[in-house]
Amino acid sequence: MNSNVTVLSYNESLLRKSDVDLLKGPHWLNDTIISFYFEYLDADFFKGNDLYLFVSPEVTQCIKLCHQSEIAIFLEPLLQEKRPSFIFFALNDNEQTEYSGGSHWSLLAYSCPEKMMFHYDSSHGSNENQAMDLAEKVLKFFQLPIAGRFEEAPTLQQNNGYDCGIHVLCNTEQLASYAGHYGKLRGCPKVTPEQVQSKRWDILSIIEKLRATTRPGAFCNQAPAQDGGQGAPATTAEFRNKLLNGPNLKDFFKDEHLKQQDHLPDEEVVPYLIQSMTYGENRKVFFEVYGCQMNVSDTEVIWSILKNSHYKKTDDIQEADVILIVTCAIRESAEERIWGRLESLKGIRRTRSKTRPNLKIGILGCMAERLKQKVLETDKSVDLVVGPDAYRDLPRLLALTANDQKSINVQLSFDETYADITPIRLNENSVSAFVSIMRGCDNMCTYCIVPFTRGRERSRPVSSILKEVEHLSQNGVKEITLLGQNVNSYRDTSEIDSTENVTSLAKGFKTVYKLKKGGLRFADLLHRVSELNPEMRVRFTSPHPKDFPDEVIEVIRNQANICKNLHMPAQSGNSAVLERMRRGYTREAYLELVAHIRNRIPDVALTSDFICGFCSETDEEFEDTITLMEEVKYHSAFVFPYSMREKTTAHRRFKDDVPQEVKMQRLQRMIEVYRRHSYVLNCSEIGHTHLVLVEGLSKRSDQCFQGRNNNNVKVILPGTDPIPAKNGQYMKLLKPGDYVAVHINAASSQVLKGIPLYYTGLQEFYEKHDWHHAADRLTLPFQG
């Protein structure tokens, strides 16, 4: 049976065979199953009791990722239907700013009678930060103080890597039943192992019962309709024909705009040469950004283009006339999140006043590039689809939607870098900024979709980069991050095109392409950028280990304002897996490079990316990844279960044959290892004095500030008392953008805490110390 066959349509849930199959084995539950069971608890089990509100994973994720001012968009419609005393949130560990997808479910429950948020985590501590962030937003929404109102509740711990979703469902049902009897959540007995063990089969029985009793038409045994089941489904061919045979570009212009071309034959008339489209007209655009830092940078380019076409930006989605979603396609779960978000946006469109212009929704970025016209075919609410190299075309494409025509441009470019466009920062008050220096990737790792969604490598001219950095410096920015899909393979041929300058790789590394000749390289750019303002920190991401020749390492070592925090994506610790991934190095070569870097930059902080469960990865091969992590001891790591993507070499050559539950078990092990090392490394900083760039108020307390040290570790420090200058001549309160010497007195795996000692400058802090060997820390006596 086709895995896309619809098994059950129940209220807002649509269960397919692939969803139901997750219940039949030791598999991690997806959003669809959890949403279905939450709906079942509400509608059937508790008969729509107003005492409870069960918030779906999709809405929970939106609340978690949105700004505080936007929470009402998601919660108020639910609270208009009922006035619950207990609210249950199914929480995933997705962190949109670092990666897509997720690996662990937990339950966050709000008790109105107790005015408390309780967190039930079957892998204690895994989702604590996400739960605290969500709890803070919800409590603020209810205008409650945050202090003392969040509690990690005792709950049964899972004994495998895949039952977290089952624990959430068991806990939700038991807590709601207990609350119905006792009017509170505190004191509810833990669920038992027997409840967890039987829950999958209980849910399967419920599905079978609903299939037998649901109204006619709710169960269907054929593939779902193209249009989501509304009306007669149009075939793909019919839909494409409508697009191809519909109005062309000329039809969207008034006749008077073409009069000056009346003397030309029809085939020579080029209507788009005339700037006749004024669709902007102060319409308000709302940006929603998913995925990597490159998407944030791209959004700033998009905003610059649209502002020049008379659009206005809004941070209130309800005010928007245009909603642009900048997407990621690196993993399947990233795209699933976008489909879910599109469903939620349909509600905004339905409730929109008819006196306002029609709401336009656009899908931009990597998902648009990967799926192309399939986006328009799959979801009719989407008005335009734009790839990463077509953002200049956005004003025209938006104008084409004025008469409800769909528009699309996903043409990749060999030379587009947007070098002549000055980005407009989304947060103009931030003391840090991203600067895109190159686009695309030529590495062709077998697992990676990026070369197919971002195209070939091309670099911005160094002159345009220096101009942008200078502009940021003059506007008070104290830290920049140079961005690129393969940032340290930067090669600008606009100024220097000598064929004698051949790409230099790290020892023991190779590429799938011929070594490139000519151009100004990353080491040159890095040096020039660091010289512009010695008081401005410089970071870069995301590099490839092969592009760390000695020239780059020495520039980093010798420039005080280039942060000694290097991202070194290993992906695996096994040479055979690395060969299948086409990474261009062995385990031994990678470790040799790490040793060499640490020899030249002794206090460097290393971070990495790892994939577990890549095609045919054995237990022994995975153990090599664990031992590599144990040997290198990373300050942080971004770890993912493998997600196969179409078009990649792995999709053509290999099989995604590692079971999902095995991937999840391996993922948990990697998380445990890197967090353990992060904790030890951070604790070793206690007693040292760090140079910290203050970024703003702490998320958890307006009495504290947060900033980052040279190693990119977050540092929390009190901000209520004035701080002296180093020479003691004046005192003042901290503010974003200040450099301050901080004595570290506490640490966790993710955060350092300390006491601010004095104001300083970056160069001043280092001038009397050998920062080649000190990074940003000094061992100084602390005067309490």
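Trainee: Which residues of α3 meet which residues of α5?

Mentor: T60, I63, K64 and L65 of α3 meet Q130, L134 and K137 of α5, where contact means heavy atoms within 4.5 Å. The residues of this contact divide into three nonpolar, two polar and two charged. Here Ala, Val, Leu, Ile, Met, Phe, Trp, Tyr, Cys and Pro count as nonpolar, Asp, Glu, Lys and Arg as charged, and the others, Gly among them, as polar. The model is a predicted one, in which local features need pLDDT of at least 70 and side-chain atom pairs count only at pLDDT 80 or more, while totals for chains, interfaces and linings use all residues. Residues are numbered from 1 along each chain as its sequence is written, and side-chain values use heavy atoms, with hydrogens and water left out.

Trainee: Why are α3 and α5 called roughly perpendicular to each other?

Mentor: Their axes are 9 Å apart and pack at an angle of about 80°. Axes are lines fitted to C-alpha atoms, for helices over the stretch in contact, and angles run from 0 to 180 degrees between N-to-C directions. Angles under 35 degrees count as roughly parallel, over 145 as roughly antiparallel, 65 to 115 as roughly perpendicular and the rest as oblique. The pair α3 and α5 is therefore roughly perpendicular.

Trainee: How does the angle between α15 and α16 compare with those classes, and what is it?

Mentor: The axes of α15 (residues 462-474) and α16 (residues 522-532) come within 10 Å and cross at roughly 25°. That value makes α15 roughly parallel to α16. In this contact V462, I465, L466, V469 and E470 of α15 meet L525, R528, V529 and L532 of α16. These residues divide into seven nonpolar, no polar and two charged.

Trainee: Why does the span of α19 agree with expectation?

Mentor: The 14 residues of α19 (residues 587-600) should span 20 Å, and its end C-alpha atoms are 20 Å apart, so the two agree. Its buried residues are R587, A589, Y590, L591, L593, V594 and I597. Among the elements covering them are α17 (550-558), α18 (575-581) and β22 (605-612).

Trainee: What makes H119 count as buried?

Mentor: Buried means under 20% relative accessible area, exposed over 50%, and partly exposed in between (1.4 Å probe, protein chains only). H119 has a relative accessible area of 0% and is therefore buried. H119 belongs to strand β6. Beyond residues up to four places away in sequence, H119 touches several others, including L91, N127, E128, A131 and F150.

Trainee: What share of the 784 residues in the protein is buried?

Mentor: Buried residues make up 55%.

Conventions
Helix = DSSP H or I, 4+ residues; strand = E, 2+ residues; numbered from the N terminus. Expected span 1.5 Å × (residues − 1).
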